[in-house]
Every structure is written in C-alpha cells, then in structure tokens.
Amino acid sequence: QEPFVADEYIERLAWRTPGGGSRGGEAFDPKRLLEEFVNHIQELQVMDERIQRKVEKLEQQCQKEAKEFAKKVQELQKSNQVAFQHFQELDEHISYVATKVCHLGDQLEGVNTPRQRAVEAQKLMKYFNEFLDGELKSDVFTNSEKIKEAADIIQKLHLIAQELPFDRFSEVKSKIASKYHDLECQLIQEFTGAQRRGEISRMREVAAVLLHFKGYSHCVDVYIKQCQEGAFLRNDVFEDAAILCQRVNKQVGEIFSNPETVLAKLIQNIFEVKLQSYVKDQLEEHRKSDAEQYLKNLYDLYTRTTNLSSKLMEFNLGTDKQTFLSKLIKAIFISYLENYIEVEIGYLKSRSAMILQRYYDSKNHQKRSIGTGGIQDLKERLRQRTNLPLGPSIDTHGETFLSQEVVVNLLQETKQAFERCHRLSDPSDLPKNAFRIFSMLVEFLCTEHIDYALETGLAGIPSSDSKNANLYFLDVVHQANTIFHLFDKQFNDHLMPLISSSPKLSECLQKKKDIIEQMEVKLDMGIDRTLNCMIGQMKHILAAEQKKTDFKPEDENNVLIQYTNACVKVCGYVRKQVEKIRNSMDGKNVDTVLMELGVRFHRLIYEHLQQYSYSCMGGMLAICDVAEYRKCAKDFKIALVLQLFDTLHALCNLLVVAPDNLKQVCSGEQLANLDKNILHSFVQLRVDYRSARLARHFS
C-alpha cells in the first residue's frame, strides 16, 4: 500500500520476529531473523508471480478489445462515406431544381413585368380619359379614404401631362393640375390634423406620399410651425429652444425620410425668427442710451446663443453642422459685433473717467493738470538729474490720492471688458482689441491715477530744510506698490491668455515695462527726497537740542545723564522712520532704502560730532550717545550700517583715551584701516589737544 517505504517495512518485519531485537530482555538471534527473512522473500516472490500472471491476462484482454474497437471504427467510416456520397447526390439534385426554379421565375417575371406595366398604363389611360371627358367616375377619386392611391395616380398623370403639347391638351392639363393641387392641399391638411392628434404613423404615411409632390417642403414648414406652437411660453427662450429641438429630434426620424434636413430647417427657423427678434428687442432698447447694459446684454445673449449651439451639435444636422450653426449665429449678431470694440472702448473710457472723477470729488480735490512738452519736459529732466523740487511744494494734508477701491473698480471693469473681448471679438482681431483695452487700463489706472498720485506726492515732499515736515510719500509708495501688484496680476491672468500667441505680446510687455520704469524713476526720486527730509529733520533736532556744554560740562564731576537729550530725540525719530519704511515696502527694497538711510544717518552723526570740543567727561557722554545711535542702527538689520557705527564708536574712544595709549588704540582692529587724517581729526576735538604732551604722543 502507498506510501511504501522499504526501510520501515524491514524494520517492522524484524520487530515482529522473535529474537529479532532486544525487546523484553530477549537475546538477539540472527539465524532466526535470517530464516524469517528468507521465508518472507519466498512469499513475496510467489505473490509477484501471481500478480504478473494477472497482469498478462489483463493485457491480452485489452489487446482483444482494441482489435474489436478498431474493426467497429472501420465499419463506421465506411457507413459515413456512403452517407456522404448520398448527401452529395442530393445536393446536386437540389441545385439543379433550384436553377430550374430561378429560370422559371425569370421567365415568369419577364412575362409579368410588361403585363403589369401594360395594366398600369391601361389604368392611367382610363383615368386620363375621365379627365378628357370632364367627369371623374372612378372610386379612387370619389372615395376620400383612397386618397393615398389617388395621390399616386394624379402624381403620375401630372408627370405625363407635362410631356403633352399644350395646344391640344391644355384643358386636360389644367384639370390634372387642379386635381394635383387639390390632392396636395388635402394631404397637407391630413398631415396637419394627424400632427395635432399626435398620430405619428399617419403623419409618416402622408409625408411619404407627399415626398413626390412639389408641396413636400410646405408639409415640412407646417410641421415646423406646429412644433413651435406653445413651445416658447417661458422667459428663457434659449432653454425653450433646446427642449423643443430635443423633443423634435426624437420624433422627426419616425415621420420623415430625411430627418436631418427637417431638424436643420427647424433650427434655422428658430434662429432666424425667434432668437433674432428676441436679441433685437433686448439690444436695441439700450444700444444708444445705456452702453453698460447694452454690453452686458450683448455678452449674455451671445454666450447663451453659443451655449445653445453647443447643445445642438449633439444632433445630426448633416455633414458640416459646425459651419451651419456658426453662420446662423453670425447672421444674428453681425450688425452688433462689427462695431463692438468701439462701443467697448467708449464705455470703458467714460466709465473709468467717471470712477476717478467721483473719487476726486469725494476728496474735494480739483485735479491738477500735469502738462507735457516744453517747460514741463525741461523741468522733468532737471528734476531727474538734480533731484531738486522745482515749483512750490503742495500740502496734501496726508492724502495719498490713491484708492484701493478705485483700483478694484477699474480692474473689475477691465476684467469684464477682457471677458467680453474674448467672447465677442473675431479670433483675428482678438489680440488687437485686447491691446486697446489694456491701453485704456494703462491710461486711467497707471497714468491718470498712480502717476498723478506720484506727481502730487513728489510735489508734496517738503524741502530738506523744512521744520516739522510731515512725510507722506512713503504712504504713496506703499499703496502704489500694492496697486501695481494687482495690475500685474490682471496682466498675467486676463490679458496674457488673449495675446500670448500673437505679435501684440511683445508690444504689451514693452508698454508694461515702460510704465514700470517711468514709475520707478519717480518712486526713487520721491524716496531719495524723503530720505533727505528725514536727515533734515534730524539736523533740526540736533541743532535745537544739542548744546556745546553737553560735551564740555562746567562741572566735570557732576554729570548725571547717560546720554544727551538730542540723542534721545534723534533715536526716537529714526526708529519711527525705520518702522515706516518697513511697513511701506517689501522685498529687497526695504534693505536698499534702509541702507541708504543708515549711511546718511551715519554721515550726519559723524559730521555733527565734528562740530564740538570734548572734555574727558564730554567724550564719555559722546561715547554714550554713539552707543545709543549704534543700538538704534541695529534696528536697520543692515550689516554695513552697523559696521559704520561700530567704527564711529571706536573713533569716539579717541576722545577719552589716555595720551600714552593713543597709538595703541589707533592701531586696534577697528581703526587700523582708517585714514590717519580721520583719526587726527577726532583727536583734534579733545580740549587737551593743544597740550604738548598729547601732540607729541599722536605725532
């Protein structure tokens, strides 16, 4: 039995044999185990022989049955061959009979077709005779239920009558034509009635009969007219049109043999009658009186019409449905689109001017005229080269004349204009029209608003020697910066997609670059003059608050202050200005302006300290002042400015150091690289400089 393992089988046989192992204390008996193995082998040999005989017997039986099966298969093959031959003979016989039948059918058709034609011709001649006699007796003409047969007959007679000479058969031709017309009218009336009753099958039958009549197109017109009855009852004519076309599209294929032509004719009728009159009513009302409403309506109607056209593209309207629908839309809007951009520019110009004027009126401000050419150009060039205020300073009372609300309104109007331009402009005119709208934006936002505010802001900057001057130009800078970010965003989001693949792109980029450079020049000029004013204010503070006795006190032993009052006020003023600059600018501009202010601030303090003589205690007070200035300079967060004040602080040490240590201090890390004249100029400020000892040590 499977699984058979020989080792396990021998092991079991050994254990069953007495003396085959040490089990139960019995001694191992190899002879007995050998005897048992020999006997068992003999038994296995006998069993093998018996099984072998059985196998041979089964093989013989299998061979016998295989021979019998092969014999039976041969007999079946012979029977199959005989049956196949019989089938072949039967197939040939059937083909022969079928050929005979076809030949007989052709002969019968050859005989029957002329006979049918002759019978039909005879009937037509009979009906023709009735028209000749002037009395229609046949049931087909008198029975209203046989209108279909009558229509077929009269249509054929009408064709025959057209070939007859007029002089001999004028009367009968007239009667046939009259009957043709009467039947045509009856069929159309029947079609109309069936349509009203909703009998699709009857409509299909009548339409099939009318297909061969001249009035078939009239049948289609009737169908189109009745389809629209009650279809336009809501306010949304576009939605009604889409629903109507969808309903007719499902029905028209069951009635007419050319459904795409009928549906196309229905759509053409809707566009040329319903939509055109609706569009005209909506637009003509505001065309001359309200440009804003006119443009909104034009954009809305054109968008809804093109959306309707997109829905209709799903239907089968023939080969070139795109061109077909485009022509229908063009026919409706062509008179409005031809001068669209002129209306758009005119409206945008008046609307932008009104927004700006309304803002200036709200500020009770009469806008100054900023001239160009001649004297004004000369002043502008001089101002750019010298940075001097030309003309009287204007007090703006803290008003920047920049309004984010105005800017948002202008940008919103322009955004809507770009959207309308994209939708309503011809693709070939789109870049040119978009550029014109952009030019309007530049004119009113950049020139009339931002540039005017910069000019006014520049004129409002006081001279550098003015006392207690209010500096509002940084507010102008802050707002102008914010506004220009909005302008740049609209340029990228709404203008770029319209001009990106046209030559107008470079023209727009250049125009934008020019306006940026023009504004940057004025911003730089205003910031520079504002910094001069800041320095001027610091000069006034120092001149008013700093006393000569601050650095040369009468009682050297009774100095109670840590730093002078002038230093306190200057540092307070500087910190306010630094904060204001940080709030007014962004990015690298902050560091650039702060570095310029810091350098000028350092120069002012340096020159200021050069004006006084210093006693030992006065020098200590000067060092304390410079230390406070240096602490103030840290707020700038500019390495150069801090380094300048560090050096200035080191220079002030020369005012108090002992004469014997002067050379050592001058050769220190911070002063070693300075010009000797600078060091000498500071040493000369000491009150004890004239002493021979100090002069000798410094020489």
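These questions and answers concern helix packing, a cavity and an annotated span in a predicted model.

Q: How are H14 and H16 oriented to each other?
A: Helix H14 covers residues 404-424 and helix H16 covers residues 473-499. Angles under 35 degrees count as roughly parallel. H14 and H16 are therefore roughly parallel.

Q: Which class has 8 residues in the contact of H14 with H16?
A: From H14, the residues that meet H16 include Val407, Leu411 and Phe418. On the H16 side, Ile483, Leu486, Phe487, Leu495 and Leu498 are among them. The contact also has 6 polar residues and 1 charged residue, and the class with 8 is nonpolar.

Q: How many charged residues does the lining of the second largest cavity have?
A: The second largest cavity is lined by Leu348, Ser352, Leu410, Thr414, Met440, Leu441, Phe444 and Leu445. Thr414 is also one of the H14 residues that meet H16. By class, the lining of the second largest cavity has 6 nonpolar residues and 2 polar ones, and the number of charged residues is none.

Q: How many charged residues are in the contact of H15 with H17?
A: H15 packs against helix H17 (residues 504-545) at an angle of about 5°, with the axes 11 Å apart. That makes H15 roughly parallel to H17. The residues of this contact divide into 13 nonpolar and 4 polar, and the charged ones number 9.

Q: Which residues of H18 make the contact with H16?
A: H16 and helix H18 (residues 565-584) have axes 8 Å apart, at an angle of about 20°. That makes H16 roughly parallel to H18. H16 contributes Leu474, Asp475, Val477 and His478, and the H18 residues are Lys580, Ile581, Asn583 and Ser584.

Q: How far apart are the end C-alpha atoms of residues 41-79?
A: An unreviewed UniProt entry lists residues 41-79 as "coiled-coil region". In the model, this span is 100% helix and 0% strand. The distance between its end C-alpha atoms is 57 Å.

Definitions and conventions. Residues are numbered from 1 along each chain as its sequence is written. This is a predicted model: local features need pLDDT of at least 70, side-chain atom pairs count only at pLDDT 80 or more; totals for chains, interfaces and linings use all residues. Side-chain values use heavy atoms; hydrogens and water are left out. Axes are lines fitted to C-alpha atoms, for helices over the stretch in contact, and angles run from 0 to 180 degrees between N-to-C directions. Helices (H or I, at least four residues) and strands (E, at least two) are DSSP runs, numbered from the N terminus. Angles under 35 degrees count as roughly parallel, over 145 as roughly antiparallel, 65 to 115 as roughly perpendicular and the rest as oblique. Contact means heavy atoms within 4.5 Å. Ala, Val, Leu, Ile, Met, Phe, Trp, Tyr, Cys and Pro count as nonpolar, Asp, Glu, Lys and Arg as charged, and the others, Gly among them, as polar. UniProt positions are given in the numbering used here, feature names are shortened, and annotations may be inferred rather than shown by experiment. On a 1 Å grid over the protein atoms alone, a cavity is a set of points where a 1.4 Å probe fits but cannot get out, and a pocket is an open set with protein on both sides within 12 Å along at least five of seven lines; lining residues have an atom within 4 Å of a point.
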